[in-house]
Structure formats: structure tokens, C-alpha cells
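Here's a quick briefing to read alongside the model. Have a look at the structure first, then work through the points below.

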Amino acid sequence: MPSRRTVLAATAGLTTALALGGTAHADDRRLRALISGMTLEEKVGQLFVTRVYGHSATAPDQADVDANLKELGVRTAAELIARYRVGGVIYFTWAHNTQDPQQIADLSDGIQRAALEQPRGLPVLISTDQEHGIVCRVGRPATLFPGAMAVGAGGSLSDARALGRLAGRELRAMGIRQNHSPVADVNVNPANPVIGVRSFGADPEAVAALTAAEIRGYRSAGVAATAKHFPGHGDTTVDSHYGFPVITHSREVWEELDAAPFRAAIAAGADSVMTAHLLVPALDDSGDPATLSGPVVTGLLRGHLGYDGVVITDALDMAGVRTKYGDDRVPVLALKAGVDQLLNPPKLDVAWNAVLQAVRGGELTEQRLEESVLRILRLKARLGLLTDPYTDRDGVGRTVGVRAHLSAADRIAERTTTLLVNEGPLLPLSPRAHPRILVVGADPASPSGTTGPPTSVLATALTELGFTATALSTGTDPSAGTVGRAVTAAAEADAVVAGTYNVTATSPQRTLVERLRATGRPVVAVALRNPYDVAHLPPVHACLATYSWTDVELRAAARVIAGVVQPRGVLPVPVQRADDPTRVLYPIGHGLTYRPYA
């Protein structure tokens, strides 16, 4: 491994005080000197952020070697860097990059070593999507925090800052210095299939404040935060992974609703902003997705909002950016629009060569590439990559998943659980009055692959609180036989906790809750994802919203059910009536508690 003291000697004197967001950058002279010594191919490579399979930079498992050869034409991350000189790598669970914290740190160091062994080698900016809640690439034993809508329900700016600071420390300890979080979208559409609980809520001012707070937390930990998805993905019924959303907001609505969190993010020093693969005709009527739109990226984001930091695309393998143009045109058009980083193209060789040929053919100038490379190098310098790109061998054990971080996550989660209904009141339950509890419901897959299943987590947590709790997984689409077994089991219980997941008017989950209620046993519904479930359920004795089904949120819900902590969360989105969506059943700010605070 090259010495920490000798890494990029040509950049000696660069300081982590480099700032983004302004027009004057004190150390641009040294960075421009680096760029002047780069080949065109190296400049093209700096623009790309790609996946690569494997737990190791040089010795991945054979299945990962095969996947790399098939998709990237290389065997390993080291070969990838040697061939394409990529400026960034993004980690995914499914690419087997994130098995455990020490392995992640070793992979990061291996990638940096491979990069710095190249002629004129530059460190790689390693990133991931660690939003927490329902999107997590790094699982336990790393600390998993509540997701954005849960944080929105808590409403605490200090909690949002703490989340960013502590999560950022853990990412940096593993060599990950760019996080594609937080989501700055204002989720005003309950039917939104892709954002939903990944958003802080439906109030643009609240979303703006929490977005800014979390960004400040990440920046204080030396990790680049990414505000996404510009110009706003909160009002759509189409998932841009699979289709091409069109948002019909007027320019005035965009200014009032969607723009506010991005303004706040920029003011907070957002290191990067991610574009969305969607169309907003009021902002650009060309039919091009925002990622490829000069009026959106250069006109609005850079011009109107004054952003001079790194602009990164959403993943270029998503359908939303591939419906109008081929994979060879998309990266070129994104750069022409004003983007800097090109994230995860489906065919790296096609995208890389397309950019190279666009410069050689005159469609793009080398000066245009250098503008983006300069922004990327500024970011790498601010993050300390140009002077110290490696992890601290002892840093993982001292930082990742330590007791103080886990306790902080539990405390934050306790402030997010939202009590929507409490007839009687039924809650809190006590082991004396309701000693036997049946926990039924959906068991969606763990976002990180390391938590759950929800029914077992809830049952275990309740048992630890003095109840005798039994788990019975009934799934998201329970059959008549499954419903019957749950009803039979309920006869032996004193109360039933039912975890629900994306309930609709015709969902068999609704039938399950209805049949359980008919047994005469008190039923506590726990909306594991969307708080909108409560509008589609039959009347229940009590209903809680957790906004995600990771363990930290479920344990908090159990403590609320048992009365160990008070329910403190309030709805960050309105819940409309199922029979008349024009009417609000529960407004923003709704949330019950057990007794007034002293």
C-alpha cells in the first residue's frame, strides 16, 4: 500500500477546508495542474461511478468474476480501474460488496490501492445508498437508523443531524465517503411507488429543514451527502426504475413545493445533487428527462439555485432515462445538460466510449469535461481523499455499530413511532392485563438482508418486556387458510398485534384484520411501511405507524405498545379517507399520546 505520507505528493498542501457551493476555490490551481497532466481517457474515467461485483478488489468469488466479465468485461475491481480509470465506485448488497464492516473497509482499501498504482493515479470516490429505513446497503452490525419519514414524524432537527453525523462516521470508517442520501423529495402523492416513506414528508418547509440538518450531520463526519432527486420526485405514480414519470406541476407549484428542500440543501453545503429521470413539462417541454435537460440542470439547478457542486445522475440503467435515447447517447446528453458524475450505466464500455468519441468528434469539448473533473476533484480534496484515501485499520471496531451509536438509534426511533388510533384507550398494554400476545402480519424482506422478520422481532421485543408473545407470519397476501389459522391462534391470546404492509381496499390483509377483530380480542395494527394503511383497514382498537420494518423501528413500536415510552411521533403526511380521497382522515401533525407530558 502506498504510504499515507506519499499519496499524491503532487497535491501536497491541499486542505480539507476546500469548500463547495461558491465560485472561488482556493486550491483550484493545484487541481487544474493535476487535470492538465491527465490523458483524455483519464478525464473521461473520472466522470463515471459504476458498480463492480465482489467482496474483494483483487480476489472476488468466481460467481462475481463471472458477473464482472459478463457486465463489465473485467474480472475484478482492480482490473476495472486499470481499464477505465473510473472516478467512483458504488457499493450494493446484491453485488456482494457489503458483507461486513471490516470486509467493506478492506474492499475500499483494495480499490484505492489499485487506483493509486496506476500512472497518475487518483483515489476513487466510493459511494452507496444508505438512506436508512427501507433503503440500506450496509446492514448489521453497522448501526441502522430510522428512515426519512420516521425522522419526519419525530420532527427533530437535532435527531436528523445526529443521524447524519453518526451514520457518516460509520460509512467513512469503512471507506465510503459519498452517501446518496438524503431524499429531498416532498411526498405529496400517497400512491407514489418509489419515494413514499423515503421522504421526510409532505410539508416542504419541514422537508427542507430536515434535509439541511441531515446534510450538515454528514458533512461534519467528512462524508459527502447527496440531495435527491432534482427537480423533485414526490408527486408521481410511476417508478422511474421501470417507467418514465411525468409531473404536471406548474413552475409556481415547483417553486413553492419541490424547490424548497433543494434550496435548503444547497445552503447547508450539499456536496452533490442527484437528478431525476422524469419529465416536468413546465420546466422543460422538450420531452427529455431532467437528467438530460439543460434547462433543468444548468438553467434551474446551476443558474436559478446557484449550485456549483457536483451533479450526479440517478442510475443510468433505469428505464426513466432510457426510453427516448440509446445507452450511447444518454451519458453524452447528460454531460451536455450540465451533469458531472455518470452513475452506473448499464454498459460501461458503451457509455465510456461514447463520451470519448463525443469529445474526439467535437460534440463535447475537452474543456467541458475538465469543468466536471474539477468539481469532482474539489469534492475528493474536501473529503481528504487526495491526502489520505485509506481506512484506519482500528477505525471499524472503534466506530461501526458501537453501543453509543446503537443507543442513539433507539432513542431517535422512540421519538418517531406515531399512535394514530387508541380506542378506550387500549394502549398501553400491560403484561398483567394482556399477558399473552399473538403477533401476526406481513414479513417483507429486510432492506439490508440483516434484519427481521418483523413478526419475530416484535414478538421477541414484547417477550423481553414481560409478555408471552408468539409470532405467526401471515404474509402480504394471506390465503383463507392462513387467515383461519390466525383466527384460531387468536383464541389463545389476550391481544393481537397485526403488522400491515401497503394495504388496499381489496387486500386480504384487510380481511385478516377484520376476522381478528371479530374474535373479540383487542387488535393493535402496526403499519410497517405506509401510514396510509390505517385508511384502508376496518376499525381497530389501536393503530401505530412505524414508517419502516427494520428492527430499530419495530423495537421502538414494542416499547410504545408496552408503555415503556410515550408515543411522540406525529404524521408528516396527511392520510386521506379511502372512500373519498378528497377528504383528510388524519392531517399532518396528528398523533396521540398516553398522557400529557410533565
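Helices here are DSSP runs of H or I with at least four residues, strands are runs of E with at least two, and both are numbered from the N terminus. Keep in mind that this is a predicted model.

- In soluble globular proteins, nonpolar side chains tend to be buried together.
- The largest nonpolar core has 114 residues, and Leu47, Phe48, Ile111, Phe230, Leu342 and Val355 touch the most other members.

**A pair of packed helices**
- Helix 16 (residues 454–464) and helix 20 (residues 551–561) pack at about 45 degrees, with axes 9 Å apart.
- Helix 16 passes helix 20 in a right-handed crossing.
- The residues of this contact split into eight nonpolar, no polar and two charged.

- Tyr547 isn't a glycine, yet its phi is positive, near 75 degrees.
- You'll find Tyr547 in the loop between strand 14 (542–545) and helix 20, and at 1% relative accessibility it counts as buried.
- Arg120 also has a positive phi, about 55 degrees, but Arg120 is partly exposed at 46%.
- A cis peptide bond joins Arg140 and Pro141, and another runs from Lys228 to His229.

Note on methods:
Residues numbered from 1 in each chain as written. Predicted model: local features only at pLDDT ≥ 70, side-chain atom pairs only at ≥ 80, totals over all residues. Heavy atoms only, no water. Axes fitted to C-alpha atoms, helices over the stretch in contact; angles between N-to-C directions. Left-handed = near helix turned anticlockwise from the far one by under 90°. Nonpolar A, V, L, I, M, F, W, Y, C, P; charged D, E, K, R; others polar. Core = buried A, V, L, I, M, F, W, Y, C linked by side-chain atoms within 4.5 Å. Buried < 20%, exposed > 50% of the residue type's maximum accessible area, 1.4 Å probe, protein only.
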